[in-house]
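Trainee: Could we go through this model together, step by step, beginning with the sheet and ending with the contact between the chains?

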Amino acid sequence: MSNLRRMLRQTLTIARRDFVATVLTPTFLIFLLAPMLFASFGALGSLGARAVGESGEDRERLYAIAAPADGARFLAADRLARGFLSQESLPPALEVVTPDPDPAAQARKLLAQQDRDVPAVLYGAPEQPHIVHGNAISRSSKYLAMLSEQVARDGRAGLAGPISQPRFERVARETSTIGGKNTAAGFAVIALFAVTLILASQAVGTMAEERSNKVIEVLAAAVPLEAVFLGKLLGMFGVAILFVLFWGTLIGNVGAFLPSSEAATLAGLAPAVGLPVFALLFAAYFAAAYLLLGAVFLGIGAQASTPREIQMLSLPLTLFQMGMFALSLTAAGKPHSWIATFAEVFPFSSPFAMAARAANRPELWPHLLAIGWQMLWVALTITVGARLFRRGVLQSAGPKFRWAALLGR
Amino acid sequence: MESNAAATGLALTASGLVKRFGGRRVVDGIDLQVPTGAVYGVLGPNGAGKTTTLRMLLGIIEPDAGHRCLLGHDAPRDASDRVGYLPEERGLYPGMKAREAIAFMGALRGLDWATGRKRAGVMMERAGLGDSIDTKIRKLSKGMAQFVQLLGSVVHEPEFLVLDEPFSGLDPVNQERLEGLVMAERDRGATILFSTHVMAHAERLCDRLAIIAGGKRRFEGTVAEARGTLPMRAHYVPHHPGDGIAALLPPDAQRDRQGDGWTFSVPEEGVEQTLSRLIAGGFGIAGLSIERPGLHDAFVRIVGKAAAEGTPA
């Protein structure tokens, strides 16, 4: 049997053991459903925030003190303006009140209401509105000023409100928009980051398991440590594939249950290389990102021999991963910049940045180069990690991290 | 590179093996020649360099100098599928069932899982562990788990079996069971190399042995040759005890008095002249026995000599 075939067989034996040992446990179910727990907590949090926000909305009010004719124009202008404002940027509801003999005093009285927060009150002629407000000039004050301008214009033209009756029709686009590509790029980076964050960090503790139960010498005697490393990576990669397939299938079918307008929005996330090629490249970059970060995590995690040491090592590794994420996300937003090129070439951000590139730019050849480059780094990282591990564990010296081990045999 | 191991009759050769840790020579130029089909013991006190030597022989760690040839391969890893190994620090996955653990160890050495499982069942039945075939390792006793690991190291029927301190931690019943397994493996045709510092096992099992102390090989040969490094011991009981006996015993011999009796090393010319002197002196002979010293004595002497020479044993 050739050495390569033997190493492959040994690698797969270790991968199989790790895969089975991970998947056939009750804790795997918790791990598999972890995103659902995250989502549930997120939903609960957002529900709470929304409830707090809505209760605040009820307590806020803007007032326009205006004669009945202008009052109708104020309400029409308010309806028009609210139509293109997002939910988050909507000002408080507008109420029109008929002016008293002393509108200035009336305005101050409204502003000083105890049972409602009133950011601003408008009175006076629409051409020369007087806006009183309690705090610094706010968006609400400016909003009233804008409404007043519209009311003044409508008044001069003798209009009671908007005169156009727009008809909205949505049509499918032949080509993807720059915004759609950017969104797809951002989505790719975030999705890759999320799955590698969950899965690659699992690798930190796997070698410590071998140390604690002392199986490592049995493995090291039968199998090159490179094969042990690769086997562990592949075993966890199998777990990762299972995880991604489960959630991919679930999320892939979410579109069928969404309202047509929302589904059409999702369809607008069109990557530059086309969806089928993008899916393939995404899978390849997921594999590369997982193997690359997993190899780093495994190599450094191999230096730990206790859960406490694993915890201590996990923080800098997560920060490193966050750094790669931030770099890649910036690259996704600026596809032709030097920072994008840097992120695509730097080995540990390359899978994320190249996935973003696949969404932003249609050329395919850079992806072949990138995948080759990333695989080279996977091999390099595994070799260095295995060497560190051999130095740390199988000799009488303690398992401390030693830079010199990187250089010597 | 593969040379013809069968032609040389040696399953393993090692020459000038050196390993340094932190500037200290843990193994210092060790030579070994293990004949095919032999049970070969590597004896030495704690810290002598036995485990490091075995690890180098198996290719787990690389020597700083020296040469090895295992089953005809200069790179021991190339022969890994034909080798079995029981490390000094026993280790199994606690969540694995015994049968799976044995099959897994076989699979690492090239045995397919199905055959491994089948053989594991048969071997465990034979070893009297049939009730524990599907028991998880964490639920086995230490001795049973150790035995499971031993079965895992031979499930692929290796040509060369390396056992590092195989008897440590085993109760007498399991020690006997292990000795039986070692003999069965030898009868199957396997070459066995094991390290120990318990002389009784070595004496019973080894065809040849090497004694290591301070990282150096101090002796190599058969058990009889090891015992032969010490003169025979005579135990003499006088018919009429008295104070003048010591003066009549051989002058350079190590002499110990035990009650009325005396033990002394037999000089090269034999005991006849000494006995004549004792009879002439009127002490007579009530009892006399002459024994070859045990391996334990030889070991203590060889290792003690190394320590006396200034090398830490």
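**Sheet, helices and interface**

Mentor: In this predicted model, chain B holds an open sheet of six strands with mixed pairing, ordered 5-6-7-3-8-9.

Trainee: Which strands of chain B stand at the edges of the sheet?
Mentor: The order of this open sheet is 5-6-7-3-8-9. Two of these strands have a single partner strand each, so one side of each is left without a neighbour in the sheet; they are strand 5 (83-86) and strand 9 (216-221) of chain B.

Trainee: At about what angle does helix 2 of chain B run to strand 6 of chain B?
Mentor: Helix 2 (residues 50-58) of chain B lies across strands 3, 5, 6, 7 and 8 of that chain. Its angle to strand 6 (160-164) of chain B is about 155°.

Trainee: Which helix of chain A gives the most to the side that touches chain B?
Mentor: The contact involves 21 residues of chain A and 25 residues of chain B. On the side of chain A, helix 1 (3-23) and helix 9 (216-222) each supply at least two residues. By class, that side has 11 nonpolar, five polar and five charged residues. With six residues, the helix of chain A that gives the most is helix 9.

Definitions and conventions: Residues are numbered from 1 along each chain as its sequence is written. Chains are lettered from A and ligands numbered from 1 in the order in which they are written. This is a predicted model: local features need pLDDT of at least 70, side-chain atom pairs count only at pLDDT 80 or more; totals for chains, interfaces and linings use all residues. Two residues are in contact if their C-beta atoms, placed from the backbone, lie within 7 Å. Helices (H or I, at least four residues) and strands (E, at least two) are DSSP runs, numbered from the N terminus. Ala, Val, Leu, Ile, Met, Phe, Trp, Tyr, Cys and Pro count as nonpolar, Asp, Glu, Lys and Arg as charged, and the others, Gly among them, as polar. Two strands pair if DSSP finds at least two bridges between them. Axes are lines fitted to C-alpha atoms, for helices over the stretch in contact, and angles run from 0 to 180 degrees between N-to-C directions.
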